[in-house]
Amino acid sequence: MTIAGTPGDPETPLLDDTVDGSADHKGRPARRSTTGRWRSAYFIISVEVAERFAYYGIQANLINYLTGRLGMSIAGAAENVNTWTGVGSLLPLVGAFVADSYLGRYLTIVFASLLYILGLGLLTLSAVLPSDCQNSNQITSCSPPQLQIILFFFSLYLVAIGQGGHKPCTQAFGADQFDGRNSEENKAKSSFFNWWYFGMNCGIVITYTVLSYIQENLSWGLGFGIPCIVMMVALLIFLLGTRTYRYSVKNDERKSPFVRIGKVFIAAAKNWRTTPSPVDKGTPNHQVSQQFKSLNRALLTPDGFSQENGGQCTIDDVEEAKAVLRLFPIWATCLGYAIVFAQSPTFFTKQGVTMDRSIGWGIDIPAASLQAFIGLSIVLIVPIYDRILVPIARALTGKPSGITMLQRIGTGLFISAISMVVAALVEAKRLKTAKEYGLVDSPDAILPISVWWLLPQYILFGVSDVFSMIGLQEFFYDQVPTELRSLGIALYLSIFGIGNFLSSLLISAIEKATDGDGHNWFSDNLNQAHLDYFYWVLAGVSAGALILYLYFAKSYIYNKGSTL
């Protein structure tokens, strides 16, 4: 028996075959029976699997490429990885603006994919250029050709630009294929976010297990070239689904949603000292929510009359602005989670390089491949969550998603804080081993401690992602106005962009503070460093952020019509 809302559901014919607010590829009203739902979502999920395969094909081993082929220090490489990841997570704000105001999600995905492919092609070219820095794991002191460095970083940030257009639009476009006003499709939409993340992590697991090995043992050029080919195939798959997609219909009579919301804040600021006219006093209060009352002044003209008598903004405009503003406390309190999230492709990977990675038969697994266990955890837990836990919770609470989105996010934040405690304890064990065997002054030595000690923190990362990451995706898509859903996904991604920048700033500040006394927490010789102290700091940051999150989540008011 299949569970309602999962990809295996039979499609039930509906009396009303037209989907309001959606059109087909020819601009005609979209028919429920021939467009959208899982038939379209499969194409879009396939594209996301390929895009994540390509993205993590770069990010997973980037710190080893920077410290090896480009000869950077560990701290410098970690800052570069965090900066690139941060920029890549903030650029979706620009991509969302372009999609929601001008091109639409479909065309933005196409153009962004072309940029993505170009960036990957140039990245492959930079990797095959000859270099004196060939060892990707050991600490090196070398100077690669300047042309290689310039081409590498140019192509790296070209990929970030491509991701900026691709990332906010694919997920929003995929969710657009389900009509939230239809009970069955509404359940399927909530399930879509789970299966989206499931498929995405299938691609990530393949990256960590296959590409990491190719990059470290065969060729960096091949390791970057394969993602380029995969992205080209993904674009073709996306285009094959063109006839099945539902496209959001823009209201040409209304201005850009960005302009409308911006106008509300400007009008409210201009009317800061304006009081409602006696005859009009109270009119907005009967129709507008009372949260963020100061924005209600955007409904007034300088003479104090409301919008019904010629004001600058409509009630809908004000409510849209409030919906976006309401998200900020949740966005801000999730930054601690984002800082923690930035550690797996940087310091976790470098720790693994120093540990025993042998699995027998003379084979050493790449340190970066341990990140696959984050994806494997997600791949194993998502079906359990979607097919078992959600139906049970749905029966108990009566909510379509089982538990509220904010409850789901909060659960993940708690698990994330626990993961940092575990990481600190494991790192203390690794340092103790280095001291016991007299290897503190041997940065290239392999310590007699198994790399599998790192496994619990990777698994906890995966479990926290199932709750927080998917919850954030659904929350920021669901809680913004319909016309701003690409922006909603971009806002969710920007959490991790800012989180990576904050991680870089924190690393830089701690490095400067601890460098003078000879006990640098981020020494290039990790056996002399103190990453365990850094992880304890992150555990404290996570705990503080969780407390603030719970305070704001308790008072959060969901938008009307929210699926929760």
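## A buried asparagine and some aromatic pairs

N525 sits in the loop between α18 (485-515) and α19 (531-555). Helices here are DSSP runs of H or I with at least four residues, numbered from the N terminus. You are looking at a predicted model, where local features need pLDDT of at least 70, side-chain atom pairs count only at pLDDT 80 or more, and totals for chains, interfaces and linings use all residues. Residues are numbered from 1 along each chain as its sequence is written, and side-chain values use heavy atoms, leaving out hydrogens and water.

Is N525 buried or exposed? N525 is buried because its relative accessibility is 8%, where buried means under 20% relative accessible area and exposed over 50%, with a 1.4 Å probe and protein chains only. A polar atom of the N525 side chain lies 2.8 Å from the backbone oxygen of V440.

Now to the aromatic rings. Rings of Phe, Tyr and Trp (its six-membered ring) pair if their centres lie within 6.5 Å; planes under 30 degrees apart are stacked, over 60 edge-to-face, and the rest tilted. By this rule there are 44 aromatic pairs. Two of them are shown here:

| Pair | Centre to centre | Angle between planes | Type |
|---|---|---|---|
| F347 and F534 | 5.8 Å | 80 degrees | edge-to-face |
| F348 and Y458 | 5.5 Å | 80 degrees | edge-to-face |

The F347 and F534 pair links distant parts of the chain, helix α14 (residues 347-353) and helix α19, 187 residues apart. F347 is buried, at 0% relative accessible area, and F534 is buried at 0% too. The other pair joins F348 in helix α14 to Y458 in helix α17 (residues 455-478), 110 residues apart; both F348 and Y458 are buried.

Methods:
Helix = DSSP H or I, 4+ residues; strand = E, 2+ residues; numbered from the N terminus. Polar contact = N/O pair within 3.5 Å; in protein donor to acceptor, adjacent residues only side chain to side chain.
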